[in-house]
Amino acid sequence: MTNRLYDLVKESRSNNEALETVIELFEPKLKKSLYMTNPNDREDLAQELKLKMISYITEYDVDAIPGFWEIKEKTDKARKKGY
Amino acid sequence: MESQEWNKLEEFKKCNKEFLSNPIIKSFLSNQENYQLFLDTIVHPTVENRNKLDRMFKAFYFHIRFISFISTSLYFNAVHFDKKQRQHSSRYLLTIDSTVQNEEGITFIELIQDPESEIVPDKLSISDDIADYIGDPVLYEAVQELSVKQREVLTLAYIGGLTDTEIAKLLNKSQQSVSKMHKKALRKIQDHFKKKGKDKYESY
């Protein structure tokens with residue numbers, strides 16, 4: 001599961017099917033968010049949120065996630081500064 | 001060899017106390033599979049092992065960051081949307097919802113209905129014949145074949161939502177006879193469907 005989402009989001013930039021799967025994964029959260037507004041506007045909100053999600057997912061910088069060793073180096077550096 | 005490996009691990013743990021107490025690293029290593037990979041990498045720090053660990057960690061960290069990012073942005077976007085919608089509806093009131101001039105607190109919608117009128121829209125649509133509520137042609141035919149009393153019982157039961165006991169009280173009959181009539185009517189409808197419905201619905 002952990003790896004699946006990672007790959008799906010990476011793929012979403014070029015593959016619409018992957019993008020759709022990611023959006024579907026967030027469907028429960030989206031439904032919950034709809035209660036923030038009155039019943040008449042919920043359909044509009046759902047559409048709005050999906051639109052936002054598309055841009056968030058496709059523009060998410062997957063490679064900006066720091067790696068295991070990167071975090072280790074950072075803590076090492078911070079420790080050195082402390083001394 | 002065993003003790004050498006163990007020493008390597010202990011040394012790493014000693015040198016990187018701060019790093020290992022980082023919450024995200026801690027929760028990553030609390031997974032059995034990840035911890036095994038971590039041990040392998042410390043003992044055999046090959047490039048391949050290091051990269052594999054790095055990849056696993058990135059996917060793990062990404063999963064957490066991405067989900068919380070999307071969840072909070074969904075929430076804040078929803079809040080923002082609602083705020084805008086409220087602002088819009090308060091600035092551009094529907095005529096019907098705006099207040100009548102010179103009369104504080106009274107809106108136009110309150111003036112539309114005439115409370116003294118004898119015609120009530122809800123009552124206009126109420127019919128005391130169950131046949132008026134039926135859209136299905138076969139069911140309509142079936143109901144037409146029932147006796148007046150049977151139709152009356154069905155109307156009270158399904159349109160009025162009464163129980164057999166309540167219907168009995170209303171019609172001055174015993175509950176048993178009402179429930180018999182009710183059952184008989186349903187059976188009659190069922191029989192009609194068995195006869196006529198078959199050829200009509202088989203085409204679907």
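**Close-up views of chain B**

**View 1. The crossing of helix 9 and helix 10 of chain B is right-handed (the near helix is turned clockwise from the far one by less than a right angle).** In this predicted model, local features need pLDDT of at least 70 and side-chain atom pairs pLDDT 80 or more, while totals for chains, interfaces and linings use all residues. Residues are numbered from 1 along each chain as written, chains are lettered from A and ligands numbered from 1 in written order, and side-chain values use heavy atoms, without hydrogens or water. The axes of helix 9 (residues 148–159) and helix 10 (residues 164–171) of chain B come within 10 Å and cross at roughly 130 degrees; axes are lines fitted to C-alpha atoms over the stretch in contact, with angles from 0 to 180 degrees between N-to-C directions. Glu152(B), Val153(B), Leu156(B) and Ala157(B) of helix 9 make the contact with Ile167(B), Leu170(B) and Leu171(B) of helix 10 (heavy atoms within 4.5 Å).

**View 2. Helix 8 of chain B (residues 137–144) has Val138(B), Ala142(B) and Val143(B) buried (under 20% relative accessible area, 1.4 Å probe, protein chains only).** They cover an arc of only 135 degrees around the axis, so they lie on the same side of helix 8 of chain B. At the N-terminal end, Asp136(B) is the cap, with a side-chain oxygen 2.9 Å from the backbone nitrogen of Val138(B).

**View 3. Asn172(B) sits in the loop between helix 10 and helix 11 (175–201) of chain B.** Its phi is near 60 degrees, a positive value in a residue other than glycine. Asn172(B) is exposed, with a relative accessible area of 73% (exposed means over 50%).

Notes: Helices (H or I, at least four residues) and strands (E, at least two) are DSSP runs, numbered from the N terminus. The arc is that of the directions from the helix axis to the C-beta atoms. A polar contact is a pair of N or O atoms within 3.5 Å; within protein, one must be able to donate a hydrogen and the other to accept it, and residues adjacent in sequence count only if both atoms are side-chain atoms.
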